[in-house]
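Q: I would like to learn how to read a structure feature by feature. Please give the general idea each time, then the case at hand.

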Amino acid sequence: MRKVLLSFLMVLVFAGMTRSQTPIAHWPLDGNTQEIIGNKHGVPSTGGVNWVTDDPQRGQCLQLDGVEGIINLPAEIWPNETDTNTTLTVWFNWAGGDNWQRVYSLGKADPDWKLMYVCPRDGWDGHGFHVTFHAFQPDQWYDYVGEWGNMDFDTITPGIWYFNAIVLKEDSLKIWVNDKLVVADDSVFVTPQKIQAGDSSIN
């Protein structure tokens, strides 16, 4: 039996410079897929979704089976493409499974490929924690993973809680795992407005 992917207490905060760090979206995932700030409610798949009520660390949380479980998010999460500041945070606990499983994905896939995603284990040799950004026009990929030397973090251990925060500010990027800054890049050129809302999901 394939091990489950657990994704808990999902919080996405998008803050534009003109909104003084105003939260845009928050999915507590504490028994339903409701979004509590702007009614950007998620839609769960018909199978593979379970609600846990007694996790020893997080209490109520969402459990996805790593096969068909997914929470589809609205096509438009942030209101426009002019924002230059974006912060995303999430608590997750990955139970192990296939390479390239996602914690969440934001943006548009084929044919535009304006997106970002976070996965606990990639398909490269080191099977490391992996964060990818892709901005179309020009065709730019930004991959961050410990084995390539551009992330000061390597492996997600199954069954352990992790806090992850990603901050895009104009052309700079910072990524935290727990309380450790693992990426600080001042020339990413993937500003939030280049990652269009689209095929977004918690999966």
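Q: Which residues have the most contacts inside the largest nonpolar core?
A: A nonpolar core is a set of buried Ala, Val, Leu, Ile, Met, Phe, Trp, Tyr and Cys residues joined through side-chain atoms within 4.5 Å. Buried means under 20% relative accessible area, exposed over 50%, and partly exposed in between (1.4 Å probe, protein chains only). Here the largest such core has 36 residues, and Phe133 and Ile166 have the most contacts inside it. Strand E6 (residues 85–94) gives the most to this core, with four residues.

Q: What should I keep in mind about the model and its numbering?
A: The model is predicted: local features need pLDDT of at least 70, side-chain atom pairs count only at pLDDT 80 or more, and totals for chains, interfaces and linings use all residues. Residues are numbered from 1 along each chain as its sequence is written, and side-chain values use heavy atoms, with hydrogens and water left out.

Q: How many helices and strands does the chain have?
A: Helices (H or I, at least four residues) and strands (E, at least two) are DSSP runs, numbered from the N terminus. This chain has zero helices and 14 strands.

Q: How much of the chain is buried, and how large is its accessible surface?
A: Of the 203 residues, 47% count as buried. Accessible areas come from the Shrake-Rupley method with a 1.4 Å probe; for residues, only the protein chains shown count as cover. The surface of the chain comes to about 9400 Å², with 50% of it belonging to carbon and sulfur atoms.

Q: Which residues does Ile166 contact?
A: Contact means heavy atoms within 4.5 Å. Leaving aside neighbours within four places in sequence, the contacts of Ile166 include Leu88, Met116, Val118, Phe133 and Ile175. For the chain, among contacts between residues at least 6 apart in sequence, 55% join residues at least 24 apart.

Q: How do E7 and E8 run, parallel or antiparallel?
A: Two strands pair if DSSP finds at least two bridges between them. E7 and E8 run antiparallel and are joined by five bridges. Ser105 lies in strand E7 (residues 104–108), and its bridge partner in E8 is Tyr117.

Q: Is Ser105 buried or exposed?
A: Ser105 counts as buried because its relative accessible area is 14%. Not counting residues up to four places away in sequence, Ser105 touches Met116, Tyr117, Asp199, Ser200, Ser201 and Asn203.

Q: Which residues of E8 point one way, and which the other?
A: Lys114, Met116 and Val118 point one way from E8, while Leu115, Tyr117 and Cys119 point the other way; all are buried. Strand E8 (residues 114–119) is thus mostly covered, with six of its six residues buried.

Q: What is the phi of Trp100, and what is that of Asn178?
A: Most residues other than glycine have a negative phi. Trp100 has a positive phi near 70°, and Asn178 has a positive phi of about 55°. Trp100 is in the loop between E6 and E7, and Asn178 in the loop between strand E12 (172–177) and strand E13 (180–185). Trp100 is partly exposed because its relative accessible area is 29%; Asn178 is partly exposed too, at 35%.

Q: Where is Thr155?
A: Thr155 is in the loop between strand E10 (140–145) and strand E11 (161–169). Thr155 is partly exposed, with a relative accessible area of 45%. C-alpha to C-alpha, Thr155 and His130 are 9.2 Å apart in space and 25 residues apart in sequence.
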